[in-house]
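Here is a short briefing to read alongside the structure. Keep the 3D view open and find each residue as you go.

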Amino acid sequence: MMGPRIAALRKQAGLSQAELARRIRVSPSAVGMYEQGRREPSGEVLVALARELEVTTDYLLTGCTAL
């Protein structure tokens, strides 16, 4: 599940859910739901998350850093 990865990366970056939400242009509750696995981000939001958290979309989706 990508939720725990999003939460860990967000905390590692020193961001609150509200700050990450502002940066990727979603609501803070959406970030919370992504982190809890209750909602999946759209493709556009997934790309924004990867950019803000400085990882690849592959890493967010699978946890793998290489093929």
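Predicted model: local features only at pLDDT ≥ 70, side-chain atom pairs only at ≥ 80, totals over all residues.

Helix H1 itself spans residues 3–12, and its buried residues are Gly3, Arg5, Ile6, Ala7, Leu9 and Arg10. After H1 comes Gly14, which has a positive phi, near 75 degrees.

**The nonpolar core**

- The largest nonpolar core has 17 residues.
- Within this core, the residues with the most contacts are Ile6, Leu20, Ile24, Tyr34, Leu49, Leu53 and Leu60.
- At least two core residues come from each of H1, H2, H3 and H4.
- H4 gives the most to this core, with six residues.
- As general background, nonpolar side chains in soluble globular proteins tend to be buried together.

- Arg10 is found in helix H1, and Glu35 is found in helix H3.
- Why does Arg10 count as buried? Its relative accessible area is 8%, and buried means under 20%.
- Glu35 is also on the buried side of that cut-off, because its relative accessible area is 12%.
- Not counting residues up to four places away in sequence, Arg10 touches Leu15, Ser16, Gln17, Leu20, Glu35 and Leu53.
- With that same exclusion of residues up to four places away, the contacts of Glu35 are Gly3, Pro4, Ile6, Ala7, Arg10 and Gln17.

**How H2 and H3 cross**

- Two packed helices are described by the angle between their axes and the distance between the axes.
- At what angle do the axes of H2 and H3 cross? They cross at roughly 105 degrees, and the axes come within 8 Å.
- H2 and H3 are therefore roughly perpendicular to each other, since angles of 65 to 115 degrees count that way.
- On the H2 side, the contact is made by Gln17, Ala18, Leu20, Ala21 and Ile24.
- On the H3 side, Pro28, Val31, Gly32 and Glu35 take part.
- Sorted by type, the residues of this contact of H2 with H3 are six nonpolar, two polar and one charged.

**Loop residues with positive phi**

- Arg25 is found in the loop between H2 and H3, and its phi is near 65 degrees, a positive value in a residue other than glycine.
- Is Arg25 buried or exposed? Arg25 is exposed, because its relative accessible area is 79% and the cut-off for exposed is over 50%.
- Glu54 sits in the loop between H4 and H5, with a phi near 60 degrees, a positive value in a residue other than glycine.
- Glu54 counts as exposed, because its relative accessibility is 73%.

**A look at Asp58**

- Which helix holds Asp58? Asp58 lies in helix H5, residues 57–62.
- Asp58 is partly exposed, because its relative accessible area is 45%, and partly exposed is the class between buried, under 20%, and exposed, over 50%.
- Beyond residues up to four places away in sequence, Asp58 touches Gly63 and Cys64.
- Asp58 and Ser42 are 16 residues apart in sequence, and their C-alpha atoms are 14 Å apart in space.

Terms used:
Residues numbered from 1 in each chain as written. Heavy atoms only, no water. Helix = DSSP H or I, 4+ residues; strand = E, 2+ residues; numbered from the N terminus. Buried < 20%, exposed > 50% of the residue type's maximum accessible area, 1.4 Å probe, protein only. Contact = heavy atoms within 4.5 Å. Core = buried A, V, L, I, M, F, W, Y, C linked by side-chain atoms within 4.5 Å. Axes fitted to C-alpha atoms, helices over the stretch in contact; angles between N-to-C directions. Parallel < 35°, antiparallel > 145°, perpendicular 65-115°, else oblique. Nonpolar A, V, L, I, M, F, W, Y, C, P; charged D, E, K, R; others polar.
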